[in-house]
Amino acid sequence: MKKTILTVLFGLAALFTMHAQQTIVKGQVVDGDSTEPLTDVVVSIKGTALTQTTANQGTFEFSSGLPLGEQSLVVKKNGYLPKEYTIIITEGKTVDISTLILNEDIGEAEDFSITLTDEELDSDESVSSNTSGILQSSKDVFARAAAYEFSATYFKVRGLDSENGTLLLNGIRMNKAFNGRPQWGNWGGINDVMRNQDFVNGSKANDYAFGSVGGTTNVNLRASSYRKGTRLSYASSNRSYRNRVMATHASGLLENGWSYAVTAGRRWADEGYAEGTIYDANSIFGSIEKKINEKHSLNFTSIYTPNRRGKAAGMTQEVFDLKGNKYNSYWGYQDGEKRNSRIKEVEEPILMLNHYWTISDKTTLNTNIGYQTGHIGNSRIDYRASNPDPTYYKKLPSYYISNNPAFNNPAEAYNRLQEFLNDGQLNWDELYASNASANMQGYHDVYVSYEDRNDDTQWSFNSILNTEITENISIDAAVNYTTLKSHNYAKVLDLLGGTGYEDADKFLFTDANMLDPNRIVQKGDTFKYNFNLLSTSYDAFAQAQFKYNKVDFYVGGQYGNTTFQREGLYQNGNNPTNSLGKGEKLDFTKLGAKAGLTYKISGKHLIDLNGAYIQDAPTMRNSFSNSRESHNVVNNLTEVKTTAFDASYIFRSGILKSRLTGYYSKIEDATEVAFYYGDGLTGLSDDRAFVQEALDGIDKQNMGLEFGVEAQVTPTIKLKGALALGESVYTNNPNVNLSYVNQSGPQNFDYGKANLKDYHIAGGPQRAASVGFEYRDPKYWWFSATANFFSNAYVDVTAITRTKYFALDNNGIQIVGYDEDVAKELLKQEKFDNYMLVNLVGGKSWKIGNKYIGLFASIANVLGEDYKTGGYEQARSANYTTLLEDTQRPTRNFGPKYWFGRGTTYFMTVNFRF
């Protein structure tokens with residue numbers, strides 16, 4: 001008996017000794033202002049695979065696989081400044097860091113609101129789509145420069161559009177099927193609740209989706225993820241809007257398991273930076289969550305952000321020289337008030353139900369249902385008389401200045417110049433008078449205001465599984481299903497004092513709908529075109545991640561299917577046999593494979609490699625040659641293939657952080673659809689016509705270098721720099737097809753190859769550099785300044801002038817007097833001038849008891865630099881003769897149209913938090 005007792009005592013002593021000798025690193029992370037515990041903080045030991053997320057009380061603990069000696073403990077959470085602590089790990093000892101403090105990143109919080117503007121991120125007429133919104137959450141040095149410093153120029157990271165990135169809200173994909181881009185106006189003005197983001201650059205592994213080569217962002221809208229408290233703010237700006245008010249309250253996790261977060265805001269302006277650009281937007285957000293038990297939570301989220309804003313027009317160099325970069329031809333005075341003819345209205349509420357299931361401490365399952373409905377409207381003027389645009393070429397002084405004496409009229413040119421300088425705006429009174437005159441003579445209206453409408457209804461479902469197989473291996477998988485019905489039609493907004501507008505083609509006088517011939521429409525009526533676009537998409541992805549002390553790597557794959565179908569609700573008079581009912585169902589297979597690794601040379605030096613191949617459906621927009629009138633599909637339509645690789649060297653120390661990346665991507669079999677009026681259309685039965693141009697088989701290539709560096713030279717001063725050296729070009733000569741309708745019916749013409757190979761892809765500068773510094777004072781104020789340099793931006797070239805027909809006459813023989821050298825000069829792609837933008841940003845915060853006041857201000861383009869953000873060649877002059885005649889004029893009638901950047905602008909906000 002005594003021997004047994006001694007054995008038990010020795011055994012217990014051994015167990016206690018083993019426990020006492022266990023090596024442990026643990027601690028708690030708290031908010032620097034409120035001292036409350038912070039959940040969902042990522043804590044890791046640099047150079048190892050050891051990573052944890054803090055629990056409800058902000059605690060973490062590492063107890064196995066710990067490296068010994070001096071190590072760096074990295075603490076990060078979205079919306080907070082990351083911190084790095086040096087610790088000494090000794091075998092058999094416990095490192096207990098009782099309080100790790102994280103402070104809110106005030107600069108990041110406010111910068112999000114000034115960069116994420118509807119006008120910059122969703123511009124209909126822009127030659128590019130800005131991607132800054134999906135870079136906001138990144139702590140990467142270069143990515144932050146691209147988001148905050150390069151975005152105003154429409155710079156495209158790695159030459160990729162926003163359609164090449166994936167945006168998720170609570171795990172649900174928000175990219176539009178029509179154009180592949182996120183519709184930022186759907187959640188504008190709720191900046192406070194959009195900051196909980198997980199972003200991965202390029203095709204790297206993420207926990208939610210297969211992703212895209214342009215990066216993947218998931219915005220976490222769970223009610224329990226928001227810090228408890230209330231925030232009130234007011235902002236003033238001279239950019240898209242003039243004023244913004246916003247109020248946000250979050251309950252935190254209550255004792256009964258409930259939590260909620262609400263936001264309400266308003267942004268408005270009688271006029272933004274550009275003349276006549278009204279801005280009127282309201283925003284409401286609500287999220288409520290019930291923690292049923294330790295394993296299950298339900299979250300419901302609603303977003304409603306209706307907004308209206310006036311658009312600004314592109315302009316030729318002539319117009320810019322006369323009027324400057326604030327000029328906008330879309331507006332004119334009516335009864336003493338500015339009225340814009342081009343208003344964009346977005347009203348698409350979002351509802352989401354999310355179920356979070358913690359199956360075990362190693363496995364979670366997140367299931368989501370999303371519903372979105374509403375409309376997007378873009379207004380404009382339709383006419384059956386003279387073009388009302390004040391910048392129409394026959395209204396500008398250049399039309400009356402010619403080298404040909406028969407067309408040279410200096411006196412009239414001077415009159416036009418004075419009229420344009422003194423007014424130069426849309427004449428609403430003239431439109432009303434023209435309608436009244438037509439009605440008095442027994443005719444129908446000749447002008448009408450209408451909007452192009454898209455009424456979408458979309459259901460989304462997905463389920464995301466994350467499981468940790470071992471300490472080093474994790475598996476991520478998801479299934480996704482989306483169905484969309486998009487109703488597209490034109491709607492009469494205003495008869496402009498008239499009595500009715502004829503619903504017929506203004507050139508051929510054919511009925512828009514043969515089922516209702518000779519129709520005269522009134523305010524609120526549907527007319528011109530009326531059809532549905534139907535889409536169904538499903539896919540599944542799986543991914544394995546492996547994390548070890550010296551190397552991390554991942555492999556992933558996806559498979560899916562997407563279908564498009566047009567359903568015509570009108571029997572179009574121009575295409576009577578191919579417009580009504582359901583057309584051909586287009587079927588596309590989605591495939592994807594990706595892999596990558598990170599090799600840790602040491603805790604400071606890393607090598608990162610990633611590669612991906614993605615095959616996906618084209619966008620709806622580029623699948624139909626003219627969906628408003630017929631079922632016709634773009635020739636040779638097939639899946640778009642994207643291949644991408646990148647390799648990076650990363651250096652990280654307590655003082656210096658840097659990344660150097662080389663990247664390459666190729667996009668194959670893309671399509672593009674355009675509409676324009678062409679003059680000199682050789683080879684067609686009509687040399688002048690309004691045509692639909694469809695390009696197929698387009699191949700593009702992006703390659704270059706990215707470099708970003710930050711140096712914390714003192715505890716308060718940080719130096720930062722970024723460099724992008726890229727080249728984005730067409731790598732083949734795609735096929736061109738023209739279609740139009742004349743008195744004989746629909747015409748379709750194969751225009752052969754467009755010689756686009758080696759032309760640069762338009763859309764912002766392909767080279768950019770940024771240098772600057774940031775000062776953060778211990779007394780909670782900070783200031784930063786950057787100088788940013790941009791070059792290698794190009795105009796978007798037109799395809800039709802690069803075909804063989806450019807040099808041919810209507811008989812199919814070379815144009816008399818054609819000069820190859822002159823033609824090369826005519827077709828040389830315009831390169832925009834280099835420019836520099838200086839930006840200043842600063843902020844200050846005060847603590848008064850347990851309340852906080854924050855002030856933030858920024859000035860962009862301090863020096864007031866004039867610069868072009870984009871532009872396109874007009875296709876009006878379609879052959880050598882017409883283009884040569886236009887370029888030989890003292891001032892071109894049909895020169896490229898440009899978008900210009902803003903001059904000096906400011907943004908200032910003050911917030912009160914408690």
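Strands are DSSP runs of E of at least two residues, numbered from the N terminus. In this sense lysine 528 belongs to strand 27, which covers residues 526-547. The model described here is a predicted one.

**Overall form**

The protein contains 9 helices and 44 strands. Its radius of gyration is 30 Å, close to the 29 Å that the globule rule gives for 914 residues, so the protein is as compact as a globular protein of that length. Along the principal axes, the C-alpha atoms fill a box of roughly 120 × 55 × 55 Å.

Of the 914 residues, 55% are buried. Among contacts between residues at least 6 apart in sequence, 71% join residues at least 24 apart. The protein exposes about 38700 Å², and carbon and sulfur atoms supply 54% of this area.

In soluble globular proteins, nonpolar side chains tend to be buried together. The largest nonpolar core in this model has 45 residues, of which Leu738, Ile800, Phe806 and Tyr880 touch the most other members. Elements that give two or more residues to this core include strand 31 (605-616), strand 36 (735-742), helix 8 (820-826) and helix 9 (880-887). Strand 34 gives the most, with 4 residues.

Leaving aside residues up to four places away in sequence, phenylalanine 806 touches Thr801, Ile815, Tyr818, Ala823, Leu826, Leu827, Ala878, Asn879, Tyr880 and Leu883.

**Individual residues**

| Residue | Relative accessibility | Class |
|---|---|---|
| Asparagine 164 | 15% | buried |
| Alanine 512 | 6% | buried |
| Lysine 528 | 27% | partly exposed |
| Asparagine 861 | 3% | buried |

Asparagine 164 lies in the loop between helix 4 (141-148) and strand 8 (166-169). With a relative accessibility of 15%, asparagine 164 counts as buried, because buried means under 20% relative accessible area. Not counting residues up to four places away in sequence, asparagine 164 touches Ser212, Val213, Gly214, Gly215 and Ile667.

Alanine 512 occupies the loop between strand 25 (501-502) and strand 26 (520-521). Beyond residues up to four places away in sequence, its contacts are Asp503, Ala504, Lys528, Tyr570, Gln571, Asn572 and Gly573. One of these, glutamine 571, is 59 residues from alanine 512 along the chain, yet the C-alpha atoms of the two are separated by 7.3 Å.

Lysine 528, another contact of alanine 512, has a phi near 65 degrees, a positive value in a residue other than glycine. Its relative accessibility of 27% makes lysine 528 partly exposed, since that class lies between the 20% limit for buried and the 50% limit for exposed.

Asparagine 861 also has a positive phi, of about 55 degrees, although it is not a glycine. Asparagine 861 is found in the loop between strand 41 (851-860) and strand 42 (868-872), and its relative accessible area of 3% places it among the buried residues.

How values were computed: Residues are numbered from 1 along each chain as its sequence is written. This is a predicted model: local features need pLDDT of at least 70, side-chain atom pairs count only at pLDDT 80 or more; totals for chains, interfaces and linings use all residues. Side-chain values use heavy atoms; hydrogens and water are left out. The radius of gyration is taken over C-alpha atoms; the globule rule is 2.2 Å times the number of residues to the power 0.38. Buried means under 20% relative accessible area, exposed over 50%, partly exposed in between (1.4 Å probe, protein chains only). Contact means heavy atoms within 4.5 Å. Accessible areas come from the Shrake-Rupley method with a 1.4 Å probe; for residues, only the protein chains shown count as cover. A nonpolar core is a set of buried Ala, Val, Leu, Ile, Met, Phe, Trp, Tyr and Cys residues joined through side-chain atoms within 4.5 Å.
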